[in-house]
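Q: Let us go through this model region by region. Please keep the answers brief.

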Amino acid sequence: MTFTLYGYDGNTRSRVVRIVAAAEGIELNHFEVIPRRGVNKAEYMARFPRSQGKIPGLEGPNIKLTETLSIAMYLASIHGKAKLLGDGSPEQTAEIISWASWANQEFLPTAAQWFRPLIPSPTDQAPYNKDAVEAGKKKTLDSLEYLEKHLEGRQYLVTDHITLADIMLVVYVSRLFEWVLGQQWKDEHPAIMQYFENVVKHDAVRQVIPREDLIFIEEETPIEDPRLRSV
C-alpha cells in the first residue's frame, strides 16, 4: 500500500507524518507543495479543497486526508506494529492523543508566534509585532516548565516507549532549539533534554531528521525585527 504525502522536506508537520510512516514501514511518495511560496498550491487546493492551502495532505487508496493529527493517527493504525498509539487500551490511546493534540494545536502555534517572526526571510517574512512575540515566548516557556516537571523520572510522555505524542512534541521542540532557545536554557532543563535525546535516537526519527540536521543555537535569539538585524 503506497501513499502520496503533499508537503515539503523541511516542513515541521510533514516531518511528523514521515516519521510515523517510517516507524510503520509505510512507503510514501512525495509531492512538493510550499504554500507560502505558491509552489503547486493551486493543484494541491484542487485536490484538497478543505485544506485551505495548509499542508500536509495525504492521498492513498480510497482516502484523502488533511490535518496532521488525523494523517498521523491513520498511518499509525494501519499496521500498529510500532505501537505509536499505545498498547491498545482506550485509556492509554486517549492520553497519547490528548498529548499529541496539545502539541499540535496549542504548543506549536504558540511557539511559532515566538520564533517565526524572528526568522529572517527574503521571500516570506512573517509579520513582526513585539507584543505578540513576547506573549508567545511567555506562554511557550510556561508550557516548557510544565513539561520539565512532567518528564522528571520519565523517558517518554505516556508509555515506556516512543509514541505519536513524543514524535509530534519533539519535532516541534526542535524548532525552538534551532531558532530561539540557547544553551543556558537547555542546561537548566535536563529532563526535557534527556527526553529529546531519547526520542531523536530512534531509527524512524533519524531516517527523517539525521542527527547532523538538528541545529542547536548557542545564544537565545533576541526579540527584535530581523529585518533590522540584517541592515
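Q: What covers the buried residues of helix 8?
A: The cover includes helix 5 (130-151), helix 6, helix 7 (183-187) and helix 9 (203-208), where contact means heavy atoms within 4.5 Å. Buried stands for under 20% relative accessible area, exposed for over 50% and partly exposed for values in between, with a 1.4 Å probe and protein chains only. Helices (H or I, at least four residues) and strands (E, at least two) are DSSP runs, numbered from the N terminus.

Q: Before going on, what should I know about the model and the numbering?
A: This is a predicted model, in which local features need pLDDT of at least 70 and side-chain atom pairs count only at pLDDT 80 or more, whereas totals for chains, interfaces and linings use all residues. Residues are numbered from 1 along each chain as its sequence is written, and side-chain values use heavy atoms, without hydrogens and water.

Q: Back to helix 8, then: how many of its residues are buried?
A: Helix 8 spans residues 190-200, and eight of its eleven residues are buried, so the rest of the structure largely encloses this helix.

Q: Which ones?
A: The buried residues of helix 8 are Ala191, Ile192, Met193, Tyr195, Phe196, Asn198, Val199 and Val200.

Q: Which residues of helix 3 are buried?
A: In helix 3 (residues 68-78), Thr68, Leu69, Ile71, Ala72, Leu75 and Ala76 are buried. Viewed down the helix axis, these residues line one face of helix 3, because they fall within an arc of 165°; the arc is taken from the directions from the axis to the C-beta atoms.

Q: And what do they pack against?
A: The partners of the buried residues of helix 3 are strand 1 (2-7), helix 1, strand 3 (57-60), strand 4 (63-66), helix 4 (90-115) and helix 6.

Q: Where is glutamate 67?
A: Glutamate 67 occupies the loop between strand 4 and helix 3. Its phi is positive, at about 75°, although glutamate 67 is not a glycine. The relative accessible area of glutamate 67 is 48%, which means that this residue is partly exposed.

Q: Which residues does the cis peptide bond join?
A: The cis bond joins isoleucine 55 and proline 56, with omega of about 5°. Proline 56 belongs to the loop between helix 2 and strand 3.

Q: One more residue: is serine 14 buried or exposed?
A: Serine 14 has a relative accessibility of 1% and therefore counts as buried. Serine 14 is part of helix 1 (residues 12-24).

Q: What is serine 14 in contact with?
A: Apart from neighbours within four places in sequence, serine 14 contacts Leu5, Tyr6, Gly7, Tyr8, Ile55 and Pro56. Ile55 and Pro56 in that list are the two residues joined by the cis peptide bond.
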